[in-house]
Amino acid sequence: GAIARLTRGGLVDALAQDYVRTARAKGLGEPAVIGRHALRVAIVPVLTYLGPATAGLVTGSVVVESIFEIPGLGFSFVSSVQDRDAPVLLGVTVFYCLLVLLANLAVDVATAWLDPRARS
């Protein structure tokens, strides 16, 4: 729901911009105006939301795996805390940090690719 609201709000804002009006004046069809011009700028807030949402997903896996005793990295994390196994705890923490960093890097690269204003 939040992603749909962000997309709609960004698209409403983008459709009111001058470059969309110029694209329509050049004779482009409505799918081309929305797809090539408006949606590229409107999707940037969605990408910005999805970066930290990935961290929430990873953190949520720890909770779900520990509650339902599903074998996975989250369960290993919780069991290493209970067993005071520092190397496993540090390894899983570093792996989760790398996942979050890679997700944020992917968001930044995608934002720079989609919105030329973000490159500077």
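This is a predicted model: local features need pLDDT of at least 70, side-chain atom pairs count only at pLDDT 80 or more; totals for chains, interfaces and linings use all residues.
Is S80 buried or exposed? S80 is buried, at a relative accessible area of 3%; here buried means under 20% relative accessible area, exposed means over 50%, and partly exposed is in between (1.4 Å probe, protein chains only). Residues are numbered from 1 along each chain as its sequence is written, and side-chain values use heavy atoms, with hydrogens and water left out.

**View 1. The whole chain is built from 6 helices and 0 strands.** Helices (H or I, at least four residues) and strands (E, at least two) are DSSP runs, numbered from the N terminus. The C-alpha atoms fill a box of roughly 65 × 30 × 15 Å along the principal axes. Of the 120 residues, 21% count as buried.

**View 2. S80 sits in helix α5, which covers residues 73-83.** Zoom in on its side chain: a polar atom there lies 2.8 Å from the backbone oxygen of F77. That's a polar contact, meaning a pair of N or O atoms within 3.5 Å; within protein, one must be able to donate a hydrogen and the other to accept it, and residues adjacent in sequence count only if both atoms are side-chain atoms. Skip the neighbours within four places in sequence, and S80 is in contact (heavy atoms within 4.5 Å) with D85, V88 and L89.

**View 3. F77 is also found in helix α5.** F77 counts as partly exposed, at 24% relative accessibility. Neighbours within four places in sequence aside, F77 is in contact with V62, L89, V92 and T93. Take T93: it's 16 residues from F77 along the chain, yet their C-alpha atoms are separated by 7.9 Å.

**View 4. V63, V64, I67, F68 and I70 make a nonpolar patch on the surface.** Together they have about 470 Å² of accessible area, worked out by the Shrake-Rupley method with a 1.4 Å probe, where only the protein chains shown count as cover for residues. One of the five, V63, belongs to helix α4 (residues 44-68). V63 is partly exposed, with 44% relative accessibility.

**View 5. T111 lies in helix α6, spanning residues 86-114.** T111 counts as buried, at 13% relative accessibility. Not counting residues up to four places away in sequence, T111 touches V44, L47 and A118.

Note on methods:
Patches are made of residues with over 30% relative accessible area and no salt bridge: like charges are joined within 9 Å, nonpolar side chains (Val, Leu, Ile, Met, Phe, Trp, Tyr) within 5 Å. A salt bridge is a side-chain nitrogen of Lys or Arg within 4 Å of a carboxyl oxygen of Asp or Glu.
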